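Subject: Structure for your review

Dear colleague,

Please find the structure below, together with its sequence.

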Amino acid sequence: MLDSFVMRQRITRVVIHILLILASITMIVPFAWMFLTAFKTLSESTAINPFVIFPSSWKLDNFVTVWKSYNFLYLYRNTLLMIFFRVVCAVLTATMAGYAFGRLNFPGKNFLFSLVLIQMMVPSQIFIIPQYIMVSKMKMLNTVFALVFPGMVTAFGTLLLKQAYQSLPKDMEEAANIDGCSIFQRFLLIMAPLTRSAMVSLSIFTAVFAFKDLMWPMIVCSNATSTTLSSNFPELMAAALMACLPMIIIYLIFQKQFIEGIATSGGKL
């Protein structure tokens with residue numbers, strides 16, 4: 001009986017691994033197709049031949065053409081600045097707001113926090129027109145500030161940090177209060193360092209969401225250097241591959257923190 005139980009466990013494990021491998025292949029195929037197409041010629045990319053998977057010769061002509069057509073240094077700079085400032089602003093504002101909602105008592109606390117929750121319940125597209133009007137009135141269109149503006153405050157980050165602060169024990173904060181520490185000192189020197197894992201999680205989510213943001217940059221940066229769309233699929237895939245490089249590099253550098261942040265927050269993208 002024990003042998004049959006062990007055998008069933010092994011069969012179950014093998015089946016699970018096979019399903020996971022098939023799911024992984026399904027997810028990898030689009031990226032592999034993008035990578036291979038970026039090195040093909042136009043005729044190879046449009047040829048109806050399922051057996052022609054790899055390009056006949058590995059050339060960088062598509063990448064050279066795309067690099068000359070698009071100012072990728074300008075695009076890389078804007079993207080990295082947007083990610084950096086959105087992460088800094090989101091972590092800073094969410095940390096302070098999360099501490100206030102999680103550890104302090106003040107009039108209107110529940111009402112104000114309900115407004116934060118309501119913001120998470122409505123589609124983000126609702127805020128595009130008011131945010132655009134605000135940026136336009138400030139005459140900040142086509143600037144890095146315009147790209148960063150929607151991500152300066154995050155309702156999700158406020159909720160995440162509020163939960164993190166509420167999960168901390170009150171002993172150290174009460175001891176600091178007895179020693180005469182002010183609210184600012186308790187927050188900056190004692191409580192904030194204990195929520196570094198939540199801050200890392202928020203930084204990861206903010207960076208990914210900022211990188212995936214398409215509509216807002218197209219609205220507020222209408223005269224950025226760009227060209228018209230093309231039907232040359234190898235060049236499009238080369239451009240897509242180059243556009244993915246910043247996030248791929250960031251993930252490879254911070255993959256340990258990425259995994260820890262996902263595990264700590266219990267969230268998903």
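**Findings**

Threonine 158 is found in helix α8 (residues 155-166); helices (H or I, at least four residues) and strands (E, at least two) are taken as DSSP runs and numbered from the N terminus. This is a predicted model, in which local features need pLDDT of at least 70 and side-chain atom pairs count only at pLDDT 80 or more, while totals for chains, interfaces and linings use all residues. Residues are numbered from 1 along each chain as its sequence is written, and side-chain values use heavy atoms, with hydrogens and water left out.

With a relative accessible area of 5%, threonine 158 is buried. Here buried means under 20% relative accessible area, exposed over 50%, and partly exposed in between, with a 1.4 Å probe and protein chains only. Beyond its neighbours within four places in sequence, threonine 158 is in contact (heavy atoms within 4.5 Å) with Ala94, Ala97, Gly98, Phe101 and Val116.

**Overall architecture**

The protein has 14 helices and 0 strands. Its order of elements from the N terminus is accordingly written α-α-α-α-α-α-α-α-α-α-α-α-α-α. Of the 269 residues in the protein, 30% are buried. Among contacts between residues at least 6 apart in sequence, 78% join residues at least 24 apart. The protein exposes about 17,700 Å², and carbon and sulfur atoms supply 71% of that area; accessible areas come from the Shrake-Rupley method with a 1.4 Å probe, and for residues only the protein chains shown count as cover.

Valine 91 is found in helix α4 and, at 14% relative accessibility, counts as buried. Not counting residues up to four places away in sequence, valine 91 touches Met199, Leu202 and Ser203. Valine 91 and alanine 198 are separated by 107 residues in sequence, and their C-alpha atoms are 9.4 Å apart in space.

Leucine 188 is partly exposed, with a relative accessible area of 41%. From leucine 188 to threonine 95 the C-alpha distance is 10.0 Å, although the two are 93 residues apart in sequence.

**The salt bridge**

Side chains of opposite charge can pair when their charged atoms come close. How many salt bridges does a search of the whole structure find? The search finds 1 salt bridge, defined as a side-chain nitrogen of Lys or Arg within 4 Å of a carboxyl oxygen of Asp or Glu. The side chains of aspartate 213 and arginine 86 meet in a salt bridge, at 3.2 Å from N to O. Aspartate 213 lies in the loop between α11 (196-212) and α12 (215-220) and arginine 86 in helix α4 (residues 72-103), so the pair ties together parts that are 127 residues apart in sequence. Arginine 86 is buried, with a relative accessible area of 7%, whereas aspartate 213 is partly exposed at 25%.

**The surface of helix α1**

A nonpolar patch on the surface is formed by Met7, Ile11, Val14, Val15, Ile18, Leu19, Ile21, Leu22, Ile25 and Val29, which together have about 910 Å² of accessible area. Patches are made of residues with over 30% relative accessible area and no salt bridge; like charges are joined within 9 Å, and nonpolar side chains (Val, Leu, Ile, Met, Phe, Trp, Tyr) within 5 Å. One of these residues, leucine 19, has its place in helix α1 (residues 2-37) and counts as exposed at 52% relative accessibility.

**The loop between α6 and α7**

Lysine 139 is found in the loop between α6 (128-137) and α7 (144-148). Although lysine 139 is not a glycine, it has a positive phi of about 55°; at 71% relative accessibility, lysine 139 counts as exposed. Asparagine 142 has its place in the loop between α6 and α7. Phi of asparagine 142 is near 60°, again a positive value in a residue other than glycine, and asparagine 142 counts as partly exposed at 31% relative accessibility.

**Helix α13**

The 21 residues of helix α13 (residues 233-253) should span 30 Å at 1.5 Å a residue, and the end C-alpha atoms are 30 Å apart, which agrees; the expected span is 1.5 Å times one less than the number of residues. A kink of about 35° lies at leucine 245, shortly before proline 246. The bend at a residue is the angle between axes fitted to the seven residues ending there and the seven starting there. The buried residues of α13 include Pro246, together with Pro234, Met237, Ala238, Ala239, Leu241, Met242 and Met247.

With kind regards
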